[in-house]
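Please open the structure in your viewer and keep the sequence beside it, so that each selection can be followed in both.

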Amino acid sequence: MCTNSSIRAASSALRLCLLTMAATSAFMTRAFQFLPAVRTARTRTVAGGLCQSHTLMGVNPKMPRQSLCLPMPRSSRHHVSTRLMSQTASSHESTSLSDEERQELESKIKAKGDAIRAMKEGGVSKQDLAPHVAELLELKSQLGPSSLPSPSQATTTNRNSKSETKQTKGDTEESDYITSRSENYSKWYNDIIRVCDLAEPSPVRGCMVIKPWGMAIWDQIRNDLDARIKNHGAENAYFPLLIPKSFLSKEAEHVDGFAKECAVVTHHRLTVDTSEGPNNGGLIADPEAELEDPLIIRPTSETMIWNMFKKWIVSHRDLPLKVNQWANVMRWEMRTRPFLRTSEFLWQEGHTAHATAEGAIQDSKDMLDQYAELCRDLLAIPVIKGAKSPSERFAGAEETFTIEALMQNGWALQSGTSHFLGQSFGKAFDVTFQDAEGKQQDVWGTSWGVSTRLIGALIMTHSDDAGLVLPPRVAPVQVVVVPIPPKKNDEEGKIALNNALDKLVDDLKGKGLKVKVDDRDYVRNGAKYFEWERKGVPLRIELGPRDVKDGVCVFKYRVGKEEKETVSLDEASMKAVDGLDELQDYLLGAAKDRLAAGINLMATYEEMKEALEKDEASEYNGPGLYMVPWKCDAMNEEKIKEECKATIRCYPTDVNEAGMWKGKKCFYSGEDATHIALFGRAF
């Protein structure tokens with residue numbers, strides 16, 4: 001007869017046994033999942049648990065195959081059974097997929113992932129997202145188990161999804177995540193530069209390393225503009241990086257404008273520190289090598305070039321004299337943004353000397369037109385041409401002309417300037433010429449330039465949350481061709497594909513297109529598509545064995561057309577030219593529409609102030625620019641800057657030449673207007 005105590009003891013022992021068996025089941029399930037190389041392929045589930053027919057390393061192979069049956073918690077049976085079946089099936093499917101089928105599957109996965117991200121940003125609930133996520137996981141499972149998270153990873157992801165999302169969006173430089181524009185426009189801009197391999201910070205504060213893809217874009221801009229500069233009548237030259245400090249002192253306004261930004265070289269050598277102290281043995285500036293006249297690392301080259309003009313200009317026959325320099329300059333910036341405002345940047349600076357004021361003014365306006373045409377025709381960026389207010393003029397200039405572009409967040413970006421210098425630099429450096437009557441006259445001067453800031457304008461005008469978007473004419477690679485290889489043993493297919501690929505590339509290059517063939521065999525096609533889309537290549541062409549048999553290829557444009565397009569191989573080159581021209585027009589048209597919609601006409605000052613005082617660079621789709629009647633007044637201009645951080649971007653040329661300010665009152669002071677002014681926040 002059993003006593004109560006013996007029954008309780010037996011019951012406790014039974015519970016302990018069951019718990020031990022359940023724990024062992026969970027352990028062995030994971031063990032066999034992560035030991036594929038040391039087990040046989042036979043895996044099955046039974047009603048009471050998981051059965052594995054297995055052979056382990058270190059076990060005598062002559063021994064009979066062991067069969068291990070482990071009990072499982074009832075709630076886990078269906079999950080493990082389903083997962084094992086799914087992994088077995090997907091493993092079989094993944095090994096039998098052809099390259100074309102795999103490529104199509106990867107494209108579907110990317111499209112579904114993009115759709116889910118868009119739904120998340122649109123506020124779709126988790127319940128409504130669930131079937132789409134399930135569909136995405138099903139697509140991934142068809143690529144094989146490697147594309148799915150392990151059970152431990154999945155559990156961790158579900159448990160910590162919020163914290164991991166924050167970590168992914170953090171400051172880790174290795175992340176390839178792009179913050180959306182609506183979330184943080186400034187971070188989006190920095191992410192585009194980093195993820196798309198345009199530039200990265202250097203060890204020198206405020207300076208950046210321009211990477212090959214960013215430099216290739218600058219090369220496209222430089223080549224186009226260099227031809228325009230030469231057509232304008234200027235010749236390229238080069239002047240020293242170091243400028244004597246005494247040169248800057250000769251032009252008072254000029255030195256005042258740049259004094260706080262100058263980097264100064266005071267010594268011409270280093271020496272080892274032999275003094276007692278923490279720096280003993282380190283390098284210091286040699287006290288005996290101090291320069292009598294310190295040298296300035298050029299912030300701009302007017303003073304050096306006008307010093308040389310004095311030697312080169314004697315007679316009116318030497319005028320006009322026009323030179324241009326492609327160089328780097330240094331302006332010590334406290335707050336920097338890549339491409340927009342850095343301590344060192346690349347640019348071109350043109351300098352001209354003229355016999356008359358009219359000739360100099362016309363030269364500066366003509367060059368501004370060239371900059372505006374460069375932005376419109378090459379970069380697909382529409383701009384507003386105008387004159388700067390006296391407070392915003394270049395240091396030492398009598399007039400500064402500018403082109404202003406509107407970025408997607410509603411802020412302006414000064415994209416190029418041209419300056420009428422009057423006779424200030426000519427007089428400061430005693431540059432005179434003998435006119436036709438034999439009299440000595442002072443010369444009139446101009447200077448004009450654009451910089452790598454145009455790359456920042458390009459990014460913020462066209463790019464989207466998926467990455468960089470490049471207008472075809474400025475893209476270093478206009479067409480990337482991705483060949484999809486046939487099966488390994490299909491030699492005839494390989495020959496046919498290579499022949500079709502060579503002819504396609506020759507046809508495209510024959511039309512003057514810049515073509516890249518991405519035939520890397522160690523990168524999946526889906527990854528290639530993703531990479532080139534992020535880098536902004538305007539057109540991708542896919543070519544596989546089935547396409548070759550059908551005499552076609554597949555076009556996919558970066559933007560403008562959502563769907564893929566099947567094109568005859570015989571017509572591919574002409575279709576590509578036409579399609580890229582359409583894409584260039586599409587991007588310019590979209591930017592023009594944004595500019596027109598982003599200019600507020602005849603608003604009151606209170607309306608502008610309310611809209612702009614809380615407007616920050618990180619905000620997307622801000623209030624834009626304000627075109628208003630204005631009485632030129634430096635004090636009122638400064639007050640507005642203090643009250644709502646807005647500045648006069650320019651006095652737009654077209655509306656001011658048309659006299660549209662006449663009869664109107666200043667929107668700030670109420671006095672008679674003298675100009676139509678364009679106000680706004682600016683980078």
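This is a predicted model: local features need pLDDT of at least 70, side-chain atom pairs count only at pLDDT 80 or more; totals for chains, interfaces and linings use all residues.

Residues are numbered from 1 along each chain as its sequence is written, and side-chain values use heavy atoms, with hydrogens and water left out.

**A covered helix**

Begin by selecting residues 453-462, which form helix H14; helices (H or I, at least four residues) and strands (E, at least two) are DSSP runs numbered from the N terminus. Of the 10 residues in H14, 10 are buried, where buried means under 20% relative accessible area, exposed means over 50%, and partly exposed lies in between (1.4 Å probe, protein chains only). Among these buried residues are Arg-453, Leu-454, Ile-455 and Thr-461.

Select Thr-461 next, which is part of helix H14 and is buried with a relative accessible area of 2%. Setting aside residues up to four places away in sequence, Thr-461 touches Ile-381, Leu-406, Met-407, Gln-408, Ala-591 and Arg-594, contact being heavy atoms within 4.5 Å.

**A neighbouring helix and the core**

Now turn to helix H7 (185-195), where 8 of the 11 residues are buried, so the helix is largely enclosed by the rest of the structure. The buried residues of H7, including Tyr-185, Trp-188 and Ile-192, pack against E4, H14 and H16.

Which residues have the most contacts inside the largest nonpolar core? They are Ile-217 and Ile-221, in a core of 59 residues; a nonpolar core is a set of buried Ala, Val, Leu, Ile, Met, Phe, Trp, Tyr and Cys residues joined through side-chain atoms within 4.5 Å. Elements that each supply at least two residues of this core include H7, helix H8 (212-231), helix H12 (357-377) and H14. With Ile-221 selected, and its neighbours within four places in sequence left aside, look for its contacts with Leu-374, Leu-378, Leu-379, Leu-454, Ile-455 and Val-474. Apart from this core lies another, of 27 residues, among them Val-479, Ala-500, Phe-555 and Ala-576.

**The second largest pocket**

To find the second largest pocket, select Glu-333, Arg-341, Gln-414, Arg-453 and Phe-683, which of its 50 lining residues lie nearest its centre. On a 1 Å grid over the protein atoms alone, a pocket is an open set of points where a 1.4 Å probe fits, with protein on both sides within 12 Å along at least five of seven lines, and lining residues have an atom within 4 Å of a point. About 1700 Å³ of space lies in this pocket, a volume being the space filled by probe spheres set on the grid points, which are joined across faces, edges and corners. Among the elements giving two or more residues to the lining are helix H10 (252-258), strand E13 (344-354) and strand E27 (647-652).

**Salt bridges**

The whole structure holds 31 salt bridges, each being a side-chain nitrogen of Lys or Arg within 4 Å of a carboxyl oxygen of Asp or Glu. Select Asp-465 and Arg-181, whose side chains meet in one of them (2.9 Å, N to O). Asp-465 lies in the loop between H14 and E20 and Arg-181 in the loop between helix H6 (161-168) and H7, so the pair ties together parts that are 284 residues apart in sequence. Asp-465 is partly exposed at 25% relative accessibility, whereas Arg-181 is buried at 15%.

Next, Arg-649 and Glu-404 form a salt bridge (3.2 Å, N to O). Arg-649 is in strand E27 and Glu-404 in strand E15, so this pair joins parts 245 residues apart in sequence; Arg-649 is buried at 6% relative accessibility and Glu-404 is buried at 1%. Then select Asp-518, Arg-520, Lys-528 and Glu-531 together, which are linked in a network of salt bridges.

**Backbone details**

Finally, show the backbone at Leu-319 and Pro-320, which are joined by a cis peptide bond with omega of about -5°; Pro-320 lies in the loop between helix H11 (302-312) and strand E12 (321-330). End at Asn-621, which has a positive phi of about 60° although it is not a glycine, and which is found in the loop between helix H19 (605-612) and strand E26 (625-630). At 61% relative accessibility, Asn-621 counts as exposed.
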